Amino acid sequence: MTAVSAAEQSMEKKTTVQLTTDPIDPARVVTQVTSVDAGAVVLFLGTTRRQTAGRATDSLDYEAYEPMARAKLEELAQAAVSRWALTAVAVVHRLGHLIPPEASVAVAVSSPHRAAAFEAGKWLIDELKKVVPIWKRENWADGTSDWALPGINRPAEGATS
Amino acid sequence: MNTTTIDLSVRLFAEARDRAGEDVIAVRLEPPATVGALRRRLAERYPQLEPLLPYAMFAVSHDYVSDEHPLTSEAEIALILPVSGG
């Protein structure tokens, strides 16, 4: 009885998703997925670039449709847990004003063996960039700024991965 | 026009919000109210959004839906331009 409750609790704790205006702490995200059941932790950090297609970026602003972004992140994390043998998944996306090279996103995945963690981590960031309703505005060094819209004013997602 | 028109509110974000100048817009549709009908109405009413609408997705209750999806006045509807998070 006690063992079953403990197992259910660890299932519930398997995925963590977060939107935050605070700087991302990679060590904290790694800690969220670290477990005695895992032999591998893979961390992907998306960091903001100074140069995009030859133009200099001073800063970026990220905006989300927050309730849907959280729901989609949770859906992706759950899908990854169903598809691969994972111990835990944590995804954090930064919102608000960022100065390069601050991290905009962290995806951490743990698994008993490394292949699953690498594959799931890549899948999660690729899917996040396609479906999670978050937008980035680039504030260029020349004083202009625009929202990045892949397939409209930027290369389609996948073209620059 | 008649009592069966459907009043919708549509949430806008980022580029769409900046172009429309509002983060929520009210739209009245005749039945059948679908996502496709909303897309056409927005194109007529908001010329500044019109060039982006062919690229837009719509979400109802936090899920992406097709143009055939029916809309009600209670639905939480959002216009989602191509996303650029990550």
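Analyst: Happy to, starting with a loop: Pro32(B) sits between S2 and H2 of chain B. Helices (H or I, at least four residues) and strands (E, at least two) are DSSP runs, numbered from the N terminus. This is a predicted model, where local features need pLDDT of at least 70, side-chain atom pairs count only at pLDDT 80 or more, and totals for chains, interfaces and linings use all residues. Residues are numbered from 1 along each chain as its sequence is written, chains are lettered from A and ligands numbered from 1 in the order in which they are written, and side-chain values use heavy atoms, leaving out hydrogens and water.

User: Which kind of peptide bond joins Pro31(B) and Pro32(B), cis or trans?

Analyst: Pro32(B) belongs to that loop between S2 and H2. Omega for the bond from Pro31(B) is about 0 degrees, and the bond is cis.

User: In what order do the elements of chain B run?

Analyst: Chain B has 2 helices and 5 strands. From the N terminus on, they run β-α-β-α-β-β-β.

User: Which strands do the buried residues of H2(B) pack against?

Analyst: H2 of chain B covers residues 35–45, and its buried residues are Val35(B), Gly36(B), Ala37(B), Leu38(B), Arg39(B) and Leu42(B). Buried means under 20% relative accessible area, exposed over 50%, and partly exposed in between (1.4 Å probe, protein chains only). Packing here rests on contact, meaning heavy atoms within 4.5 Å. The strands in question, all in chain B, are S1 (6–11), S2 (24–29), S3 (57–60), S4 (63–65) and S5 (77–80).

User: Where is Ser61(B), and how exposed is it?

Analyst: Ser61(B) lies in the loop between S3 and S4 of chain B. Its phi is positive, about 50 degrees, although Ser61(B) is not a glycine. Ser61(B) is partly exposed, with a relative accessible area of 47%.

User: What is the relative accessible area of Ala53(A)?

Analyst: Ala53(A) is also in a loop, between strand S3 (51–52) and strand S4 (55–64) of chain A. Phi of Ala53(A) is near 50 degrees, a positive value in a residue other than glycine. Ala53(A) is exposed, and its relative accessible area is 83%.

User: What is omega for the peptide bond from Pro100(A) to Pro101(A)?

Analyst: Pro101(A) is placed in the loop between strand S6 (96–98) and S7 of chain A. The bond from Pro100(A) is cis, with omega near 5 degrees.
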